[in-house]
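Please open the model in your viewer and keep the selection tool at hand. The stops below each give something to select and then describe what is there.

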Amino acid sequence: MAVEPEVMTTSFETTMDNNATSKLCLPSVLVVSNSKTMLISNSSVIASLDQVCISILEATKILPWVQQHQPDLIILDISWSQIIKLQLIAALRVDWLTRNIPILVITSSRSQQLQSWETLDYDACLFKPYAMKELEQTICSLVSTPACETYSNAV
């Protein structure tokens with residue numbers, strides 16, 4: 001019997017009229033990290049995402065979750081084991097259900113490890129520490145959300 005990974009989710013609700021409350025159709029993002037923190041920010045771009053966080057400690061459950069839920073974006077904090085990240089990214093790209101989901105890699109390493117990443121098939125990479133504006137621009141380049149349109153008009 002498969003056990004669902006422990007996930008943390010956030011989402012926004014809005015009142016469409018005075019009588020009904022409906023959940024917006026928000027882009028979903030899976031954040032895979034070694035901590036259970038999500039992209040917490042006062043950014044309208046970040047707030048416009050339906051966020052799910054799965055701890056890297058549950059790495060074996062990530063691919064089945066992605067296959068089932070099909071997020072619009074995957075953000076991987078790869079300051080953890082290189083073997084896990086290589087296997088996870090490779091598995092995501094080989095599987096026909098997940099190969100077209102954009103992957104944003106976040107890392108604190110600018111060292112020679114990057115040379116080994118050249119073969120990884122990710123869509124964007126950010127190095128810690130990064131500016132919130134840089135994260136917003138990267139997310140907007142990978143997913144479409146009305147907040148990105150507002151953001152790009154303001155920049």
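A residue is called buried when its relative accessible area is under 20%, exposed when that area is over 50%, and partly exposed in between, with a 1.4 Å probe and protein chains only. This is a predicted model, in which local features need pLDDT of at least 70 and side-chain atom pairs count only at pLDDT 80 or more, while totals for chains, interfaces and linings use all residues. Residues are numbered from 1 along each chain as its sequence is written, and side-chain values use heavy atoms, with hydrogens and water left out.

Begin by selecting Ser48, which counts as buried because its relative accessibility is 9%. Ser48 sits in the loop that runs between helix H1 (44-47) and strand S5 (50-55); helices (H or I, at least four residues) and strands (E, at least two) are DSSP runs, numbered from the N terminus. Now display the contacts of Ser48, where contact means heavy atoms within 4.5 Å: leaving aside residues up to four places away in sequence, Ser48 touches Leu26, Pro27, Thr145 and Ala147.

Turn next to the charged side chains. A salt bridge is taken here as a side-chain nitrogen of Lys or Arg within 4 Å of a carboxyl oxygen of Asp or Glu, and by this rule the count comes to four salt bridges.

Glu58 is buried, since its relative accessible area is 17%, whereas Lys61, at 27% relative accessibility, counts as partly exposed.

Move on to Arg93, which is buried, with a relative accessible area of 12%. Which residue lies 2.6 Å from Arg93, taking the closest N and O atoms of a salt bridge? The partner is Asp123, and this pair links distant parts of the chain, with Arg93 in helix H3 and Asp123 in the loop between H4 and S8, 30 residues apart. Asp123 counts as partly exposed because its relative accessibility is 43%.

Asp121, at 44% relative accessibility, counts as partly exposed.
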